[in-house]
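The following questions and answers examine one protein model.

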Amino acid sequence: MNPILWRCPLCHDPLNQTGRTFTCVNRHSFDQAKEGYVNLLLVNRKHSTDPGDNKAMLESRRQFLQQGFYAPLAAALGTTIREHFPDSTQALTLLDAGCGEGYYLNQLAQILGANVQYYGTDISRAAMRMAAKQYPTMQFAVASSFELPLPDASVDVLVRVFAPASEAEITRVLKPGGLYLWAYPAAQHLFELRQLIYDAPQPHSVEVLPPLEAMQQCPALAVNYRATLPDQASISALLHMTPYYWSASAEKQAHCQQLPQLDLTVDFAVTVMKKESL
């Protein structure tokens, strides 16, 4: 069994696993759920009773993503990681911060192979339940990306797909020489869907961030292509997994979900940074 990297959210000492229980030297204890994840989000750090995406949104996301509509993004992330770490025999630790139901982490595993330890965190308990059940060889924890439950300098690769995060935490958990990839919507992403939802749709506003402290900027990635959603089910799944669902009137929701197909622009940007070596 691979070593466990989780640290205690209370005292920050390492957690050790015995059976289905994680404990630290200060006897703080966290039980593993039957699905395989561990909840390391402290009650007093929650902003709601059950934060994060709900089960219905996650199921729509899984339905949409598993049809491969965003597979080119996952492939671009995997290719970039392998370019920076070309030795496939090198043991790596990879964290997907805000990993949702685990699609991108699983896609990266298909590309990068077995010499990588895969960790996923998300603030949504429903997400971690789905991810751990579907991908039992990976490690998942309910946790905030603003307080990652991992030791300093413990991660070789940190991936962040759309999710919010703390720049300080990203820098903290990355090893010297570690790689950070942040994927987010570029200007034309899903513009055709935006035209259906908004009366005066605007392109996404994309902010280019300067390098984080102690990080070097690498060449960014642009992943853009055309995709056709072939049926009402895939259109409905996309709508329900995006914030656009909440922006649309009932009339516009119904119109979108009655379309026989939808041609879309898929447009992602990926910021790539590398932590400076000591």
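Helices, as the term is used here, are DSSP runs of H or I with at least four residues, numbered from the N terminus. The model is a predicted one.

Q: In which helix is the place of Val-173?
A: Helix numbers run from the N terminus. The helix that covers residues 167-173 includes Val-173, and this helix is α5.

Q: Is Val-173 buried or exposed?
A: The cut-off for a buried residue is a relative accessible area under 20%. Val-173 has a relative accessibility of 0%, so Val-173 counts as buried.

Q: How many of the 10 residues of helix α3 are buried?
A: Helix α3 spans residues 103-112 and is mostly covered. Its buried residues are Tyr-103, Tyr-104, Leu-105, Asn-106, Leu-108, Ala-109 and Leu-112. They pack against the helices α1 and α2 and the strands β5, β6, β7 and β8. The number of buried residues in α3 is seven.

Q: Which residue with a positive phi follows α3?
A: The phi of this residue is near 90°. The residue that follows α3 is Gly-113.

Q: Against which elements do the buried residues of α4 pack?
A: Helix α4 covers residues 125-134, and its buried residues are Ala-126, Ala-127, Met-128, Met-130, Ala-131 and Ala-132. An α-helix has 3.6 residues a turn, so residues three or four places apart point the same way. The buried residues of α4 pack against α1 (55-65), β6 (116-122) and β7 (139-142).

Q: Which residue has a side-chain oxygen that reaches to within 3.4 Å of the backbone nitrogen of Ala-126?
A: Ala-126 is one of the buried residues of α4. The oxygen in question lies at the start of α4, and the residue that supplies it is Ser-124.

Q: What is the relative accessible area of His-12?
A: His-12 lies in the segment before β1 (16-18). Its phi is positive, at about 70°, although His-12 is not a glycine. His-12 is partly exposed, and its relative accessible area is 43%.

Q: What is the relative accessibility of Ala-214?
A: Ala-214 is found in the loop between α6 (191-197) and β10 (215-229). Its phi is near 65°, a positive value in a residue other than glycine. Ala-214 counts as partly exposed, with a relative accessibility of 34%.

Q: What is the radius of gyration of the protein chain?
A: The secondary structure of the protein chain comes to nine helices and 11 strands. For 278 residues the globule rule gives 19 Å, and the value for the chain is close to this, so the chain is as compact as a globular protein of that length. The radius of gyration is 19 Å.

Q: What percentage of the residues in the protein chain is buried?
A: Contacts with a separation of 6 or more are 67% between residues 24 or more positions apart. The chain exposes about 13,200 Å², of which carbon and sulfur atoms supply 51%. Of the 278 residues, the buried ones make up 53%.

Conventions. Residues are numbered from 1 along each chain as its sequence is written. This is a predicted model: local features need pLDDT of at least 70, side-chain atom pairs count only at pLDDT 80 or more; totals for chains, interfaces and linings use all residues. Side-chain values use heavy atoms; hydrogens and water are left out. Helices (H or I, at least four residues) and strands (E, at least two) are DSSP runs, numbered from the N terminus. The radius of gyration is taken over C-alpha atoms; the globule rule is 2.2 Å times the number of residues to the power 0.38. Buried means under 20% relative accessible area, exposed over 50%, partly exposed in between (1.4 Å probe, protein chains only). Contact means heavy atoms within 4.5 Å. Accessible areas come from the Shrake-Rupley method with a 1.4 Å probe; for residues, only the protein chains shown count as cover. A polar contact is a pair of N or O atoms within 3.5 Å; within protein, one must be able to donate a hydrogen and the other to accept it, and residues adjacent in sequence count only if both atoms are side-chain atoms.
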